[in-house]
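Let's take a friendly look at the aromatic rings and the nonpolar surface of a protein model. Keep the structure open beside you as you read.

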Amino acid sequence: MSTVSNFLLIFLLLIITSLYLFGLGNVFVNLVFAKNNTDENKEESLNSFAFTLLSGILMNYLLILIFQTLKTSFFIGSIISFFGFLLLIKKIIITKSNRKIDRFTIFKLVGSLIILFLIFSPIVTEPLADWDARSIWFFHAKMIFSSGTIGESAGWSHASVGFSHPDYPKLVPALAGQINYIAGFWNEYLPKISILLLFIPTTIWIMTFAKNSLSFLFLVISIPLGFFPWIWNGYMDGLLAIYVSVALLLMGRYFQKRNKTDLMSGLLLLFCIMNIKNEGILAFIAILFIFIIIHLITIKIGTLRDHFSITKKFFLFGLISLLPFFIWNFYKSQWGLTNDLAIGLSQTIQNIFNRLQDGSYITILSRSYSEMSSWLLILGMLLIASVIRNKTPDKAVFFSLLSTLIVFIGIFSVYLFTPNDLVWHLDTSISRTMLPINGGIIVASYYLIEKIQA
Amino acid sequence: MKLKFQSTNFTPTNITIFLLLGIWLFTLLYSKNYVFLIIIFIFLIGSLVIRKNYLLFIAGILFFSMLLYSPVLFGFTKLAQSNLITLSHPKKPMRLILTPGSGKEVLTHQVIKMLDLIDIHDIPNYQISTKLGEDLLIRQRITESSWPVHRENGSPYYLIYEEEFLNYQDCSIIDFQEPIYLVNCQ
């Protein structure tokens with residue numbers, strides 16, 4: 001086949017997969033947010049698009065977990081997705097008369113496509129070569145692909161795969177396995193398309209912040225490139241860092257503009273990160289905790305009614321979005337898949353005390369600091385500027401920094417109690433585990449620049 | 001000359017920020033990170049003195065720090081390099097993405113030979129010798145790359161190094177691909 005036809009085939013695969021996921025997401029959105037959003041403003045259309053797509057990714061994972069076999073889940077998913085498109089067509093017909101082409105929205109969409117086009121090459125044209133990508137994430141994808149199921153018969157309990165941490169979350173491996181299952185073959189390139197697909201909603205969300213400003217320039221450079229090389233080598237750390245960063249960005253904007261789509265989008269990202277990597281659970285708890293605390297501190301009595309009126313929607317949204325996480329954990333316990341960190345054992349406490357006494361915590365702190373020093377330098381300078389120029393940081397800044405601090409404390413604790421050799425554990429992971437922390441610092445810096453330039 | 005600093009409000013938030021910055025600066029001094037201290041000093045002086053084009057000053061210092069100390073420059077270089085290669089020679093990557101089994105070249109020489117032996121003889125499962133198993137890179141790579149053909153305890157098929165042959169004298173040689181033997185120990 002010629003290069004052009006190969007390119008068209010890959011492009012077609014991306015489009016069809018995205019449409020399938022979008023259709024699935026649209027059913028979820030209509031089911032949960034039953035009210036027809038005909039009053040949705042132009043600025044929100046991109047936000048909603050990204051939300052629907054990511055919902056589709058999560059719902060696809062839910063279907064795979066429920067039905068286990070790729071064939072059944074894809075068949076049922078296709079029917080649901082088709083139904084989703086019918087709902088979309090109905091919505092377009094209803095709102096046709098109200099719609100006007102917003103040029104700035106198109107610019108943002110084009111911007112997203114350019115970014116996705118630029119990251120296509122390093123992600124998809126380079127084979128899976130690095131350690132965790134091969135030994136963990138895309139090995140799991142291969143296991144799902146070759147057995148055609150995410151169930152126990154994929155081989156999670158097989159003696160030879162113990163090194164691969166088969167208990168790890170399966171959002172990306174399931175999608176990668178599914179894509180290759182549909183393509184009908186396995187190689188070391190095609191499954192990486194799953195990473196690109198997961199970048200589509202976050203790229204669109206980042207572009208919703210687009211404006212002719214220094215803050216946006218800083219954001220659009222730092223968020224993808226600051227996580228080099230972890231966003232394209234098949235590790236989940238870069239993906240997790242970007243999801244955490246975009247969640248903080250959106251929830252930060254919610255504090256400023258009180259736009260519920262931002263809040264929902266941020267929460268959806270948080271529900272997703274738990275299914276990307278185990279550190280996502282920590283980030284989920286930290287961000288949600290700080291969000292609730294800040295929200296409760298700043299809530300006005302007059303707005304209490306509004307908050308109660310959306311509780312039912314939030315509840316359904318949260319329940320469905322949390323299902324994949326709970327189902328995978330249920331399977332894990334059924335199949336006896338346990339985590340190598342052995343959290344909760346008495347040895348854990350012993351390790352903490354030992355490392356606090358022998359000064360190992362200083363090693364952890366100094367190694368962590370060296371990984372985030374460059375972003376801390378930027379944050380520090382911006383804080384100096386904000387104080388000198390009387391631009392007091394707003395809630396979005398504190399929200400990002402406090403959430404990041406809690407995530408950092410969590411990761412610091414993991415290093416304190418790790419049953420592995422500490423130096424080995426730090427050497428092999430600290431540059432990756434600090435990525436969400438750097439993401440949080442970047443987001444805080446973004447909001448500081450925005451404040452200073454205002 | 002009136003410095004910008006003179007109009008700063010000492011609110012609790014600002015005082016907290018100053019305290020945190022103080023701790024950070026002390027840490028930088030303690031760890032002898034003089035380069036960062038110089039950058040911060042320049043920034044501080046600039047923030048106090050510059051009135052016009054302050055945003056330009058911030059942008060300059062920010063991007064200077066970003067390019068010099070964060071992975072942004074490396075990321076950009078890699079991004080540009082990868083895109084240039086793909087755009088100038090698109091044929092190979094586009095073909096490889098859609099070719100079954102492509103991308104094995106990233107594996108070590110031994111693993112590629114082991115995979116070839118497994119494929120050629122269509123064996124249902126295998127074991128690897130002690131010496132091969134001691135090398136983590138070989139053990140993990142062959143396990144994942146040969147999947148769904150499992151590395152199985154009890155399998156009669158062994159993949160061994162040539163120098164280990166003495167330990168497998170009762171086994172019959174099925175095939176050999178430098179430096180790996182496939183033997184049957186049934």
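## Aromatic pairs

Across all chains, a search of the whole structure turns up 35 aromatic pairs. Keep in mind that you are looking at a predicted model. A pair of aromatic rings is described by two things: the distance of the centres and the angle of the planes.

Start with Phe271(A) and Phe284(A). Their ring centres are 5.7 Å apart and their planes meet at 40 degrees, so this pair is tilted. An angle under 30 degrees would count as stacked and one over 60 as edge-to-face, with the rest called tilted. Phe271(A) belongs to helix H10 (residues 260-273) of chain A and Phe284(A) to helix H11 (residues 279-298) of chain A, so the pair ties together parts that are 13 residues apart in sequence.

Tyr446(A) is buried, with a relative accessibility of 0%, and Tyr447(A) is buried at 1%.

## A cluster of Phe rings

## Charges over rings

Within chain B, Lys131(B) sits over the face of Tyr161(B), at 5.4 Å from the ring centre.

## A nonpolar patch on the surface

Let's finish on the outside. A nonpolar patch on the surface has about 1,100 Å² of accessible area together. Its members include Val4(A), Phe7(A), Leu8(A), Ile106(A), Val110(A) and, from chain B, Leu87(B).

Which helices of chain A each supply at least two residues of the patch? They are helix H1 (3-32) and helix H4 (103-124). H1(A) gives the most, with six residues. Leu19(A), one of the patch residues, lies in helix H1 of chain A. With a relative accessible area of 42%, Leu19(A) is partly exposed, because that value falls between the 20% limit for buried and the 50% limit for exposed.

Methods
Residues numbered from 1 in each chain as written. Chains lettered and ligands numbered in written order. Predicted model: local features only at pLDDT ≥ 70, side-chain atom pairs only at ≥ 80, totals over all residues. Heavy atoms only, no water. Phe/Tyr/Trp six-rings, centres within 6.5 Å; stacked < 30°, edge-to-face > 60°. Helix = DSSP H or I, 4+ residues; strand = E, 2+ residues; numbered from the N terminus. Buried < 20%, exposed > 50% of the residue type's maximum accessible area, 1.4 Å probe, protein only. Lys NZ or Arg CZ within 6 Å of the ring centre and 35° of its normal. Patch = residues over 30% accessible without salt bridge, like charges linked within 9 Å, V, L, I, M, F, W, Y side chains within 5 Å. Areas by Shrake-Rupley, 256 points an atom, 1.4 Å probe, with all protein chains shown as cover. Salt bridge = Lys/Arg side-chain N within 4 Å of Asp/Glu carboxyl O.
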